[in-house]
Amino acid sequence: MTNSYDLDTLRADLDREFKPMTINVGGDEVVLRNLMRLGKKDRDAVTAALKDVQDLQDDTQDPEVLGKLESAVMTILSIVPADGKGKKLVSAVDGDLALALKLLERWSEATQSGEAQHSPA
């Protein structure tokens, strides 16, 4: 018996395990990938921007902070979409920070991984 695998099959398995979030943008589906499915460079950039969002969300009265918060959120929304659709998503959000934050919240909830399936009991 051989242990033979196909990368496309493994990717499909991972798509089920690390489910992306799909959002309709002007009749086009935009797939927001799970953080674990991003390449290292993109994952590092999104992780840094997520940290900035967490650090900045408490002081939304300061215009400078709001600008930094918007920049961090738009960075995330420009990176996580598959197939190069980040610009389309950011354009559709059109600078609406409340909408961008809600979308980020939904993405975070939808793509959170559960407890590892093969963790020891």
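Glutamate 64 has a relative accessibility of 53% and therefore counts as exposed, where exposed means over 50% relative accessible area, buried under 20% and partly exposed in between (1.4 Å probe, protein chains only). Its salt-bridge partner is lysine 68, with the closest N and O atoms 3.5 Å apart; a salt bridge is taken as a side-chain nitrogen of Lys or Arg within 4 Å of a carboxyl oxygen of Asp or Glu. Lysine 68 is partly exposed, at a relative accessible area of 46%. Because glutamate 64 and lysine 68 lie four residues apart in helix H3, about one helical turn separates them. Helices (H or I, at least four residues) and strands (E, at least two) are DSSP runs, numbered from the N terminus.

The model is predicted: local features need pLDDT of at least 70, side-chain atom pairs count only at pLDDT 80 or more, and totals for chains, interfaces and linings use all residues. Residues are numbered from 1 along each chain as its sequence is written, and side-chain values use heavy atoms, leaving out hydrogens and water.

**Salt bridges**

By the rule above, the model contains nine salt bridges. Three of them are listed here.

| Aspartate 15 | Arginine 37 | 2.6 Å |

Aspartate 15 is partly exposed at 40% relative accessibility, as is arginine 37 at 25%.

Aspartate 28 is partly exposed at 23% relative accessibility, and lysine 88 is partly exposed at 35%. Asp28 and Lys88 form a network of salt bridges together with Lys85.

**Nonpolar core**

A nonpolar core is a set of buried Ala, Val, Leu, Ile, Met, Phe, Trp, Tyr and Cys residues joined through side-chain atoms within 4.5 Å. The largest one has 26 residues, of which Leu32, Val53, Val73, Ile76, Leu77 and Trp107 touch the most other members. At least two residues of this core come from each of strand E1 (21–25), strand E2 (28–32), helix H2 (40–56), helix H3 (63–79), helix H4 (86–93) and helix H5 (97–111). H3 contributes the most, with eight residues.

Leaving aside residues up to four places away in sequence, leucine 32 touches Pro20, Met21, Val80, Pro81, Leu89, Leu103, Trp107 and Thr111. Contact here means heavy atoms within 4.5 Å.

**Packing of H3 and H4**

The axes of H3 and H4 come within 7 Å and cross at roughly 135°, which makes H3 oblique to H4. Met74, Leu77 and Ser78 of H3 meet Gly86, Leu89, Val90 and Val93 of H4. Axes are lines fitted to C-alpha atoms, for helices over the stretch in contact, and angles run from 0 to 180 degrees between N-to-C directions. Angles under 35 degrees count as roughly parallel, over 145 as roughly antiparallel, 65 to 115 as roughly perpendicular and the rest as oblique.

**Confidence**

The chain averages a pLDDT (the predictor's confidence in each residue, from 0 to 100) of 89, and 92% of the residues score at least 70. Across residues 114–121 the pLDDT is below 50, and this stretch has zero contacts in the model beyond near neighbours in sequence. Where pLDDT is low, the predicted coordinates should not be read in detail.
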